[in-house]
Amino acid sequence: DRMSSASGYYDGDAYDSPGETRGQKTHLFSVDIEGGSESYVPSDSQVRRRETAPFVSSSNDVSDGDDDVADTPRSGGGRNGARRVTRAGIESFEYYPTDSEAYRTWLAKQPIYRNVDRWILFFAVGLGVGLMARVLYTGMDGLSDLKFDTLRDLLNRKQVFLAWVFSTTYSGALVFLAAYPVAYFAQAAGGSGVPDVMAYLNGIDVPKVFDLRTFVVKFVSTMCAVASGLPVGPEGPMIHLGATIAAGLSQGDTGALGFTTPRWITDGVVSFRRFRNDKDKRDFVTAGAACGVATAFGAPIGGLLFAYEEVASHWSPALAVLTFFACMTALFTDKFLESAQQAIAETTGSFGTVTPDMSTVFQVNRNVSTHLLSVFPAALVGVLTGAFAAGFTHLNLKAVSLRARLVGNDKLKKVLEPVLLVVLFSLITVVVPMWFPCTPSGCVDTRGAGAGYPPGPPAPAPPPPGFFDESPAADVFCDGGSDHLHQIVEESIMTYTCASHVDVNGTSGGGRDYNELATLLHVSGEDAIKHLLTRGTHREFGYGPLIVFLLLYSAFATVVAGSSLSSGLFVPMLVMGSALGRLVGLMLYDVAVGMGYSEASLASGGLSTAWVDPGVFALLGAGAFMGGVTRLTVSLAVIVMEMSGEIHFLLPILLGITVAKWTADALAPPLYHALLHVKHAPFLPDDPHGAPGLHLHDVSAIMKKLPLTTLRERESVSAIRHAMKHTTHQGFPVVRRADGAPYDVLAGSVSREHLRALLREITSAAGHEDDRQDAGSGQRTGALKRRVAYEELDRMVLTPAERHARGFETSGSTAGASRSSVEMSSLGGPGGSRPGGALVRETLSDAELDSLGLVDLRPYMNRSAARVPDTYSVARVYDMFRTLGLRHLCVVDDCNRVVGMVTRKELLDDWLEERLDHKGHNAAGFREHPHDAFAQTNGAHAL
C-alpha cells in the first residue's frame, strides 16, 4: 500500500490514508464486533511511514514519493495544478441533500406536494431583480449624464484644459468610490461576478459570493465604475447581483443583519425551510442570473437561454418554465418603473406606455433584408472577430497575471491602480481627438438614429418623403441637396471643439463640422454602441477614427478588466465588435462604390443593396465578437435579436457568431473558463479536453486508491474524533461487515458536517454520567442518548441564530489541519465550559472515549451514496459528476468493497492529463497509439 498526502487533494473533498501521527498513539480506526470495540494496530512499516511523512496542512507541499507505479504521473503539471486548487481553499457541495433516514423523516413533515410557494418565490426573485436593475440604471444614467453633458459643454466652448481637469477629477472620484469598498470591505465583489456564479452553479462553494456585504459593495461599485466613463459595463455585475438576490430570497434569512423570516411564514405561507438545501438554492440562483441578463439586455428569452447555455450545470424543463416566469416578471418590473419615471420626469412620457426605445436597448433605425451575397462578408466578420476575441482573451489573462505580480493583495495598490487608469484614460479621450480634423456633416439624419434618440420608422425601404429636401420637415436635412448625400450623419454627433452642426429646425445657422473620434469617446459605452449600429450613415466614421477608437478602447478594456472594480465585459465586447464590424462594412461599402453602385442608391436603402451598410455589419460584429469571447451561440443569437429588434438579417448574424466561435476555439479558451482556471477553481466544463479519449479508460486509472479513511455503521467516538482531527475530508464512506464474509462492504456515506453535529450532541450530554448506563443493567446504551433531528444536522435548514448556537460558523472558515483544530476546540464551547467540553480533545485517551459507547451512524448516513465499479468508464464518471452534482463517488469492486474514491479533483484536466493518455490523435482524428489504452486497462486489472 501507499500513503496519500492531504496536500495533493482538492480541499474538502480529499481522501487520505487513515495512518497519521497522533502523539504516542497508533490507533487508526475502531471496528464494531458484536457490540464490542477492537482497535486496529498498524504494522511497523506503516508507523515508520507515518513518522517520515506526517499529515500537514493542505496548504503545504508534500511529496508523494511512496506512490506505486500505477500512480506515477505522466507530467508534473497535474499534481502542481491539484495543489494550487487545494491552496485556493474552495470546497464543493452536493447537488442533492443527504438521503438519510433523518432526512426522510424531516422531509415527510414538509409540504412537498405544494408547488405554489415555489412560484411565489420565483415571482419575488423577478420582482427584486427588476427593482434592483431600475435603481442601478437610474443612478448610473444620472451620474454619467452629468459627466458627459458637462464635458461636451466645456469642449464646445474650446476649454480643453478645464474639460480635462473636470473629467479627471469627476471620474477619478467615482473610480475611487468604486474601488475602495471592493478592496477593503468585499473583495468578492470585484470583477463581473459571472465566473463566480458559474462556479457556484457548477457545484463549487465560492466563499462570500452571495453575502449581503458583497451585494451592497457590488451595487455601489458598479454604479460608480460605469458612470466614470471607463470601458466597462453593468451587465456582468447585474448577473451576479440577480443571483445574490435569488440566493437571499430563497433562503429567507441573512446572517449579516441577523434577520430571519418568522416561522409562521417559513413553515406556513411560504415554506422556506424545505428550500434551504443546495439543490433548490442553485435553482433559484440560476433564475436570478437569468433575470440579470433579461433586465440588462431587455431579453427575457435570451436570459433564459443564457442561463441554460452558460451558467447552469443542472437543467430541467420545470426549471426552464420557472426561470422564464422570473425573467418575464423582472423585465415587466423594470419597464413598469421606467415608464413611471418617463411619465414623471418628461412631459412626453405616458405612464404605462413602453416605447420601442425602452423595450429594445439598441433598436436599429432601419431593417434590411438578407441577401445571398451577405453570407460571405458575414463569414469574414466571424473570422476577424473570432481572431480578435482570442487575442483579447490572451491579453486579458496576461493582464491578470501581471496584476497578480505587481499589485498582489496590497489593498492600497488595488485602489490606486484603477484611479491611475482612469486619469490616463481621461487624458487620452480629451487630447487624442484634437489630432483629428473636423469633418463636415453634409446631411443630418433626423429619423432617430444614434445615441439618445428614439428609433425612427422600422423599415423605410424607399427614400422617405423629403429625403433630399432642406425643409424642417425633412427626415434627412442636406445643405445643398443631394450633392452631400455621401456624408449623412446622426443628429447626435459630437462637435468637440468644432462648430455646431446646422439646427435641423432651421432656426440657427453656423458650421456643420463634427469630430468623429470624439463622437465615440465622449459618450457612455451604450451610446457608443448606438452610434456604431446606426444605419444609413455610411461615412459618419472613417477608417482612421474607427481604428484608433478600437485600439484605445480595447487596450483599456483589457487592462481595466480584473481590477478592483465591480464591472463587466459585455458592453466592451459589444463596443469592440461593433467597431470591428463597422470597419468591415465600410470596406464593403467602398467596394460596392468601386463596382459602380452610386452612393445615392446605397444610401436610399434599396431592397437589394440595403445590407451594404456599415451599421448592419456593426451589429453582426457585436454578436460575433461576444461569441468569440464567451463561445455562446444560441442564447447570444436570441440576445442580439431581442436587444436590437433585427430579425430580417438574422441568418448572417447566426453565421458570423458560429464562425467566430470556431475561430476562437482554435486559438484560445473561453474567457470565463480561463478566469476560473486562473482562480484555481475546480470547474468541470461540459466538454473537457480530450473528452472522446476518456471512454477508453477505466475509473481505476484516476481514482485515489487504498488505504482510505472509512467508518463503520456503529463506530467508536475515538475513531470519529481521529478521522475529523487528522483529515480534511468532507465525507467518509460507511462500511459494514458482509454477511458470512471476512470483509467490509459499502453501506453509504456520512458528511463531516453531520459528524460534527453528532459529536457536539455527545459533548453536550457527556456531563450526565448516569445517562450512559441502563437502569439496573450497567450496560452501555451508546454514545448518543437521543435521535438527532435532521434540522440539527444541516446548517442550511437552520436560522442564523440556530447556526450560531450550534457552532456552525466553523464550516468552511478554515482549511486543512487548522480547520480540524478549530472544530475540535469549538465543540467544547468557549474555554471548555460546556459539560464534557474536553470530550473530543487529545486530553482523553481512546479507552476513555470508547467507554462512552458506540455511535450508530445508520440513521444519518446517505443511503443513496453514488458508487460505480472499478471498470466504469472515466467519461461516464465525468458525466455523473456533472449531471448529478456529486461531491464524492465511491469505487467498489465486484464484491461491493471500497477500493477507491473519486472527487472533483480527480476529474480536473491537470489530473486527467497526468494519469491518462487521452488526447493524442492524428490529423484524421484517430488515436496515435490505440493499443496503449487497452494495455493500461489490462495492466490495471492484472494488478
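This is a predicted model: local features need pLDDT of at least 70, side-chain atom pairs count only at pLDDT 80 or more; totals for chains, interfaces and linings use all residues.

Let's begin with R915, which is in helix α31, residues 909-915. Helices here are DSSP runs of H or I with at least four residues, strands are runs of E with at least two, and both are numbered from the N terminus.

Residues are numbered from 1 along each chain as its sequence is written, and side-chain values use heavy atoms, with hydrogens and water left out.

Back to R915: is this residue buried or exposed? R915 is buried, because its relative accessible area is 3%. For the cut-offs, buried means under 20% relative accessible area, exposed means over 50%, and partly exposed is in between, with a 1.4 Å probe and protein chains only. The R915 side chain also makes a polar contact with the side chain of E914, at 3.3 Å. A polar contact is a pair of N or O atoms within 3.5 Å; within protein, one has to be able to donate a hydrogen and the other to accept it, and residues adjacent in sequence count only if both atoms are side-chain atoms.

Okay, zooming out. The protein chain has 32 helices and 20 strands. Of its 943 residues, 57% count as buried. The accessible surface of the chain is about 36,500 Å², and 60% of that belongs to carbon and sulfur atoms. Those areas come from the Shrake-Rupley method with a 1.4 Å probe, and for residues only the protein chains shown count as cover. Then contacts, meaning heavy atoms within 4.5 Å: among those with a separation of 6 or more, 77% are between residues 24 or more positions apart.

Now, cysteines. How many disulfides does a search of the whole structure find? The search finds 1, where a disulfide is a pair of cysteine sulfur atoms within 2.5 Å. C438 is joined to C498, with 1.8 Å from S to S. This pair links distant parts of the chain, 60 residues apart: C438 is in the loop between α15 (411-431) and β7 (439-440), and C498 is in the loop between β10 (488-490) and β11 (513-514). The torsion about the S-S bond of C438 and C498 is about -90°, so the disulfide is left-handed. C438 is partly exposed at 37% relative accessible area, whereas C498 counts as buried at 5%. As for two other cysteines, C224 is buried at 7% and C895 is partly exposed at 35%.

On to salt bridges. The rule is a side-chain nitrogen of Lys or Arg within 4 Å of a carboxyl oxygen of Asp or Glu, and the count comes to 25. One of them joins the side chains of R104 and D99, at 2.8 Å from N to O. R104 is partly exposed, at 44% relative accessibility, and D99 is buried, at 15%. Another is R403 with E417, whose closest N and O atoms are 2.8 Å apart. That pair links distant parts of the chain, with R403 in helix α14 (residues 375-406) and E417 in helix α15, 14 residues apart. Both count as buried: R403 at 12% and E417 at 16%.

There's also D893 with R897, again 2.8 Å from N to O. D893 is buried at 14%, and R897 is partly exposed at 32%. Elsewhere, salt bridges that share partners join R134, D334, K335 and E338 into one network.

Next, a sheet. Three strands form an open sheet in the order β13-β15-β16, with mixed pairing. β13 (711-712) and β16 (744-751) stand at the edges with a single partner strand each, so one side of each has no neighbour in the sheet. Two strands pair if DSSP finds at least two bridges between them. β13 pairs with β15 (residues 731-737) in the parallel sense over 2 bridges, and L711 has V734 in β15 as its bridge partner.

Last stop, F219, in helix α7, residues 212-227. F219 is buried, with a relative accessible area of 17%. Leaving out residues up to four places away in sequence, F219 touches M132, V135, L136 and L241. From F219 to H240 is 21 residues in sequence and 9.8 Å in space, C-alpha to C-alpha.
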